[in-house]
Amino acid sequence: MHSKASLILGAGIVLVSGAAIVIALDWPLKARLFPLAIGIPVFCMAMAEVLWGLLDPAARSEAMEFRLSDEAQGGVAVRRTLLAVAWMAGFSAAIVLLGFPSAIALLVLCYLRLQGREGWIVSGIFTLVVWALFYTVFDRLLHLPFPAGLVQGWLGL
Amino acid sequence: MRNALAFIAAFTLLAVAPRAGVAQPLSFEGKTITIVCGFKAGGGYDRTARILARHLPKYLPGTPNVIVQNMPGANSITAANHVYNVAKPDGLTIGTFNRNLVLAQLTNVRGVKFDQTKFAWIGSAASESTVLAIRSDLPYKTFDDLKKSGKTLVIGATGPGANTYDFPLLLKELLGVDLKIVSGYSSSSDIMLAIERKEVDARAGSYTSLRPFIDRNLVHPVIRAKAIEAGIEQLPVDENLAPNARARAVMALRSAPEVVGRPYVMTPGTPDDIVKAMRDAFSKAIKDPELVAEAKKGKMELEFMPGDEALRIVKEVLAQPKEIVDDFRKYIKFGE
Amino acid sequence: MIDALLEGLLLVLQWKAFAFMLLGIALGFWVGLLPGLGGVTTLALMLPFIYAMSPVEGFAFLLGMHSVVATTGDITSVLFGIPGEGTTAATILDGHAMAKKGQAGRALGAALASSLVGALVGALALALAIPVVRPLVLAFGSPELFMIAIVGIAFIASLSAQGARGMLRGFLAGGLGLMVATIGQDPQAGVARYTFDSLYLWSGLDLVPVLIGIFAIPEIVDLIVRGGSIAGEMPGGRLNQGALEGVKDTFRHFWLTIRCSLIGTFIGIMPGLGGAVAQWLAYGHAVQSARTVEEREGFGKGDVRGVLGPGAANNSKEGGALIPTVAFGVPGSSSMAILLGGFFLLGLVPGPDMLTTHLAVTFSMVWTIVLSNVITVVACFLFLNHLARLTVVRGHFLVPVILVLVFIGSYTANNHYGDVVLMLFFGVVGYLMVAGGWPRAPFVLGLVLGKIVENNLYISVARYEFAWLTRPIVLVLLALAVAVILYPLIQARRSRSRSNAHA
């Protein structure tokens, strides 16, 4: 996991910085100078990082930061990570389809029912409280412009 | 059940009312009018919108609730696209955007999905005059002194597309003033600090934003653009010094939107009676003594220009011959 | 001077001014807690309400609100790993790590106590600096600002990971941040760089969605994977005494807290560096203060010093940022720019007058910062241990709430779906960085400083050609940058030879 993530990241940076250098070459001098001055060293360092990873896959380097927990191992961890991604993707889709207000209610309710296995009453009350707070603060007080979802558009509301 | 029926009835009424509403007198009672501002909270456009939002309800039939929503992004092209294409023409959405959007349309900036002449124009809430102000400890008192001095003047600027950059650029390129434009300051206040530490000699900017520093005698204005404000009438105007008609046209084009300094528009197709009610409300609200007092405290100078006049200026800008537009494009890029 | 000091205090203690200050504190408290809803925006929204107030009341209200935002922002950062404010992201690294070890109370206590110390130092600096403000600020021109930014990035990049490969990754992350910062219209030629014809990218990336994505998404994924509460299966009993322990920590590392406060004040004074920088430099300094390599390895895994540093700096910078605002009428940060609008509304012209004729008003601002921080910290301590209990709440109650805050918090940056996409994208990047053991701090600092580095370099060259390299402060900073890069290498070598000697 550790070295795989590093490899993806390193290769990604090689690609992005390479593309950034190529794109920048078309610009007038003043616009391209800084992106090139940064992009070229980043490209070289990313190459070095990728090669290092390939030549010495056992070498670990720790950032002084939090590490992903290792309580869950192997297949369980992968499955749960995918589950997390699915929840976020689902929430994003719901926001686009239904708009923020409905999507929020849906997420809180579904998460508690399906992931948390709470009863309907607890889930319902908790959803109501979260939604009411959201509505008062962001809609009533701050007037954020939440676009309506696509579904509302299709229904002609 | 009765409730549900009443709800459906009310709903149908709401949906039908605007279409059948020709006969009834116009009223915004119980409604919320949204002013979509193309910039973040806190800037000049936002502050103007908020002061108007507080005083407009008094002058609108049915005293609706007026709120401001910020929709920043792409120098307010995003907000303009929204009001033009997404908002409904029901008079409940007002847009206020970057005054230079008309230049973005003129120079075919990619991403522009609106036609300024088709908006339902309410008008402009203020004109913003650009001046060039130089450090008061320099020996030059007037623009003439400056031209005759033979010394290079260092100008601090934010970047292309802003008046801190474009105005001196045209002075340099078209009037031949010896200027060195140092661009990249993150805000106009950073340029003021650079002036304090004598890193630069001068900056261009709206007269409103320079006023406190002029009052303190840190800088003084030496030349202005066409738009006029009390206190700077006697300054020379850039385009009057132009050596030829072409240069004059380019400078006039740059400063034209400043006369429509705080544009207010509604979605194309908004019914005429609503537009008229809005124009009336704006013109009355801007003269409201409370608003005037507040604006004065905030060092804002509001003056209403009705929509037809603003639209006339917009059309004039967009009707420029191709040679002038091409020329203009060589110098000016649409930006902040 | 002493008269003005006392007069300023009496001005704030008038019941009306005091009441407005309490109101401001109450508002700022919530603004700080909610991610995305920033102090800057709220200041702008509250500006219209001060028309009817006197100058002292108006500032008690605005500054009261503003001063507590960074304090309560730390709370969100510590408890949930979401930056409550753009200026409190650094607290996450060790603060949230402590929360996961079941030490949320201690981390919160440390964050609050150091915030208080920071605010006091910042206010004191403001009061002391008044006579020397002008020469101090004027000594730092564009070349100096450029060098400060370089020192900052070098500092964080070289400190935040271990060994040669760690350093490579640190600089790589920093460089990536600088690259990402070039997105948007450039201020020299007006070219739209890396925008791919998208309007959303035109004005560059907003910091808040990037920060939320890069810090919060990995935490959420981890929380779901673990399945339990934030603090895992830790015994809940220790949460209760934690807060006091955090306060003691502040005094255990008192000089570190003071030094980080001074760093914050200094960054605050420098206009144009922005509020998000101070916390990271303070964090870097806290890491650097570790004497041995083993000690340094504890950072990021819940070392209390990693909380104290940024906690102190993000409060002390406010006192510093007031200095240029008051003395020149030039704001030291974006929130100060809005406060400046408040000056005008209240009929004050910021500038040298504020240091002479209106000195009492200036001191009333100092007092407001002091009092509102004291009040907030005391108020927070009353229910700090209850807040800490949130970390033992079952995960499935927290996850949906955190997700909602994360999505809305990023959406509020520009009220645009693009913000949400951006947050998710950098969420993936952040996750990969965490999974691969890459430091995120240099990336963030690079992103924050990218525009400053590029613009001030251009200005320096355009204005002074290459003579700027010979300016004395530039030379000192250059030496500092070199030292900062070499220091960890030397330190590593020394500890290696020492351990060899032991063996």
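How many bridges join strand 5 of chain B to strand 8 of chain B, and in which sense do the two strands run? There are five bridges, and the strands run antiparallel, with strand 8 covering residues 202-206 of chain B. Before going further, keep in mind that you are looking at a predicted model.

**Strand 5 of chain B**

Let's stay with this strand for a moment. Strand 5 takes in residues 130-135 of chain B, and it is mostly covered, with five of its six residues buried. On the strand 8 side, Leu132(B) stands opposite Ala204(B). Strand 5 of chain B also pairs with strand 9 of chain B, residues 219-224, again in the antiparallel sense and over five bridges. Here Ala133(B) has Pro221(B) in strand 9 of chain B as its bridge partner.

**How chain B is divided**

Zooming out, chain B splits into two domains: domain 1 is made of 32-127 + 260-331, while domain 2 covers 130-256.

How many bridges join strand 5 of chain B to strand 8 of chain B, and in which sense do the two strands run? There are five bridges, and the strands run antiparallel, with strand 8 covering residues 202-206 of chain B. Before going further, keep in mind that you are looking at a predicted model.

**Strand 5 of chain B**

Let's stay with this strand for a moment. Strand 5 takes in residues 130-135 of chain B, and it is mostly covered, with five of its six residues buried. On the strand 8 side, Leu132(B) stands opposite Ala204(B). Strand 5 of chain B also pairs with strand 9 of chain B, residues 219-224, in the antiparallel sense and over five bridges. Here Ala133(B) has Pro221(B) in strand 9 of chain B as its bridge partner.

**How chain B is divided**

Zooming out, chain B splits into domain 1, made of 32-127 + 260-331, and domain 2, which covers 130-256. Where they touch, domain 1 of chain B puts in 12 residues and domain 2 of chain B puts in 12 residues. On the domain 1 side, the elements giving two or more residues are helix 12 (307-318) and helix 13 (322-331) of chain B. Helix 13 of chain B has the largest share of that side, at four residues. Sorted by class, the domain 1 side holds six nonpolar, three polar and three charged residues.

Most residues other than glycine have a negative phi.

| Residue | Phi |
|---|---|
| Ala74(B) | near 50° |
| Asn108(B) | near 55° |

Where do you find Ala74(B)? Look in the loop between strand 2 (65-70) and helix 3 (77-86) of chain B. Ala74(B) counts as buried because 28 other C-beta atoms lie within 10 Å. Asn108(B) has its place in the loop between helix 4 (101-106) and strand 4 (120-124) of chain B. Is Asn108(B) buried or exposed? Asn108(B) counts as exposed, because there are 10 C-beta neighbours inside 10 Å.

The mean pLDDT of chain B is 87, and 93% of its residues reach 70 or more. Where pLDDT is low, the predicted coordinates should not be read in detail.

**Chain A, a chain of helices**

Chain A has a simple make-up to describe: six helices and zero strands. From the N terminus on, its elements run α-α-α-α-α-α. Along its principal axes, the C-alpha trace of chain A spans about 55 × 45 × 30 Å. Chain A has a radius of gyration of 23 Å, whereas a compact globule of 157 residues would come out near 15 Å. Buried residues make up 28% of the 157 residues in chain A. Of the contacts in chain A between residues at least 6 apart in sequence, 56% join residues at least 24 apart. Chain A is divided too, into domain 1 (2-55) and domain 2 (75-155). The C-alpha centres of these two domains of chain A are 38 Å apart.

**Where chain A meets chain C**

How many residues of chain A are in contact with chain C? The contact takes in 58 residues of chain A and 58 residues of chain C. On the chain A side, the elements giving two or more residues are helix 1 (2-24), helix 2 (29-55), helix 3 (74-98), helix 4 (100-115) and helix 5 (120-141) of chain A. Helix 2 of chain A gives the most, with 13 residues. The residues on this side of chain A divide into 41 nonpolar, 10 polar and seven charged.

**One arginine in chain C**

Finally, have a look at Arg296(C), which lies in helix 15 (residues 293-297) of chain C. Arg296(C) counts as buried because it has 21 C-beta neighbours inside 10 Å. Arg296(C) and Ala161(C) are 135 residues apart in sequence, and 9.4 Å apart in space, C-alpha to C-alpha.

Definitions and conventions:
Residues are numbered from 1 along each chain as its sequence is written. Chains are lettered from A and ligands numbered from 1 in the order in which they are written. This is a predicted model: local features need pLDDT of at least 70, side-chain atom pairs count only at pLDDT 80 or more; totals for chains, interfaces and linings use all residues. Two residues are in contact if their C-beta atoms, placed from the backbone, lie within 7 Å. Ala, Val, Leu, Ile, Met, Phe, Trp, Tyr, Cys and Pro count as nonpolar, Asp, Glu, Lys and Arg as charged, and the others, Gly among them, as polar. Domain bounds come from an automatic or database domain assignment. The radius of gyration is taken over C-alpha atoms; the globule rule is 2.2 Å times the number of residues to the power 0.38. A residue is buried if 20 or more other C-beta atoms lie within 10 Å of its own, exposed if 12 or fewer, and partly exposed in between; C-beta atoms are placed from the backbone. pLDDT is the predictor's confidence in each residue, from 0 to 100. Two strands pair if DSSP finds at least two bridges between them.
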